[in-house]
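Subject: Structure for you to look at

Hello,

Here is the structure we talked about. Please open it first and then read the notes below it.

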Amino acid sequence: MDHLPIFLQLREVPVLVVGGGRIAQRKIELLLRVGARITIVAPQLTAELAERAGRGQLEHRAARFATEDLEGMRLVIAATDLKLLNTSVSQAARARLLPVNVVDDPQLSTFYFPAIVDRSPLIVAIGSGGGAPVLARWVREQIEALLPAALGALARFMGARRDAVRRALAPAARRPFWERVARGTAGARVLAGDPIGAERAYARELRMAQLTASSATGAQRLGEVYLIGAGPGDADLLTLRALQLLQQADVILYDRLVPAAVLERSRRDAERVFVGKHSGRSRQETTPQAQIHEWMVHYARQGLRVARLKGGDPFVFGRGGEEAECLARHGIPYVIVPGITAALGAAAAAAIPLTHRHVAQSVTFVTGHPLQDDALDWSALARGHQTVVFYMGVAHLERICAQLTAAGAHPSLPVALIERATLPGQRVLRGTLSRIAALAERAGISPPALLIVGEVTALAQLGGASDSAYGPTAATAGAPHPLESAHEC
Ligand code: SAH
């Protein structure tokens, strides 16, 4: 290791900055955030710096640098584009044993600025020895994505309770207690911006820690459940919160629609339990919902953190509502994380705008499952100037299209069928209400697929979908009608 990362307390500490341009400005904004007393030596300042000087936030010496400027300074930064000047600032500072940074010049610097992930009071600093700042910034981006935006709030939450916990718990119990707070319900509540829920979970955790310490048998700890939407398939479409909680969960209960690439993003040592359609002989059999409820409760009661990972969004045709109700009934804490529902993923991947100022003023998500037929208002769904997206409809295309036509929709109304949206091998099949079922049959479209009905599906043919990131297989649909084509995307 060539450099020691340290965190400097700079409040009211005199710092000299040589240079008054854009680069100097960036450093100065950083220094102002930590309360440094800044003096700039530069013939000219940017408008922003001049304004700050005018407001008394920093002192400006409108002159060229002279060695006397270092008098009384504790830290020096040279941010000019004049090599000679930078060199003489560096030499003069080093002669006085002052730490000096010359922007973008590790040779002339005795310290350098790391890339920063700021979740104050929690701060992550990344350095590359000054040699590869681009790499340091890249690492920063990765960490930015992984660390919740409200991590600072969590650090403050914990900091404010440190003394109380010190009084309440023996030293050996404190670390495991804080780990449970940070990674458990209390932490998740703080991160979700729910201070009341966080306080309640924290109090429960503290009570539990005290009970465990005082009882010979040890009290049974309660775990929690994360109802997570996994998005339409592409692992990059997971939300940041989904990713963070997947990294925490001890057990993952996942559905058939959750691809391996998404599971890959969970903690390596987490137990993975498949609760979707059984493979083998009884292919149509699904794990009964009651069984899933039982598992969630069972694992949570063992004190484990359970991720219930569902395709798309848990509250869109996902029975997430029933699962939340079950958890509430059993007094098990849970967190709900939305996901990109298949309709949004499919529309984006096929470049179909779901609403459009001129042709569709509303969008409706409908189940295409025949059991719900009586519950649907087909004449409302058949009306113009809207988009209707059918989930779970592939096996029932003919019936859906017939119902819509019977309710008044024009047989030539454009539609699109998107199979395996956002996944490798995605196919987009375009057609009309009267012909899509036959086209789908010929192309061998199978679930998961979505039917989008409405004029918007014809707009997308203007372009865009062919630039899609998802794997190309053109659906072969015979000689296409102008509105009926297998679109490679
Ligand atoms: N909760 C999920 C929907 C579950 S219902 C969500 O919000 O997306 C299952 C139906 O979703 C499938 O029958 C199919 O119609 C649709 N679906 C899910 N993933 C899909 C995908 N990658 N491509 C196309 N349709 C998909």
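What should the 13 residues of helix α6 span, and how far apart are the end C-alpha atoms? At 1.5 Å a residue, helix α6 (residues 171-183) should span 18 Å, and its end C-alpha atoms are 19 Å apart, which agrees. The expected span is 1.5 Å times one less than the number of residues in the helix. Helices (H or I, at least four residues) and strands (E, at least two) are DSSP runs, numbered from the N terminus.

Before going on, note that this is a predicted model: local features need pLDDT of at least 70, side-chain atom pairs count only at pLDDT 80 or more, and totals for chains, interfaces and linings use all residues. Residues are numbered from 1 along each chain as its sequence is written, and side-chain values use heavy atoms, with hydrogens and water left out.

Helix α6

Phe-177, Trp-178 and Val-181 are the buried residues of α6; buried means under 20% relative accessible area, exposed over 50%, and partly exposed in between (1.4 Å probe, protein chains only). Seen down the axis of α6, these buried residues fall within an arc of 100°, so they line one face of the helix. The arc is that of the directions from the helix axis to the C-beta atoms. An α-helix has 3.6 residues a turn, so residues three or four places apart point the same way. Ala-172 and Arg-175, on the other side of α6, are exposed.

The whole chain

The protein chain has 17 helices and 18 strands. It has 489 residues, of which 45% count as buried.

Salt bridges

A salt bridge is a side-chain nitrogen of Lys or Arg within 4 Å of a carboxyl oxygen of Asp or Glu. By this rule there are 24 salt bridges. One of them joins the side chains of Glu-51 and Arg-55 (2.8 Å, N to O). Glu-51 is partly exposed, at 46% relative accessible area, and Arg-55 is exposed, at 52%.

Are Arg-267 and Asp-250 buried or exposed? Both are buried. They form a salt bridge whose closest N and O atoms are 3.2 Å apart. Arg-267 lies in the loop between α10 (260-263) and β10 (271-274), and Asp-250 in the loop between α9 (240-248) and β9 (251-254), so the pair ties together parts that are 17 residues apart in sequence. Salt bridges that share partners join Asp-250, Arg-267, Asp-269 and Arg-305 into one network.

Strand β12 (residues 334-337) has a covered face, made of Val-335 and Val-337, and an uncovered one, made of Tyr-334 and Ile-336. Strand β8 (residues 224-229) runs parallel to β12, and four bridges join them; two strands pair if DSSP finds at least two bridges between them. Ile-336 in β12 is the bridge partner of Leu-227.

In helix α13 (residues 342-349), Ala-343, Gly-345, Ala-346, Ala-347 and Ala-349 are buried. These buried residues pack against β13 (363-367), β14 (387-391), β15 (414-419) and β17 (449-453), where contact means heavy atoms within 4.5 Å. Ala-351, which follows α13, has a positive phi, near 55°.

Regards
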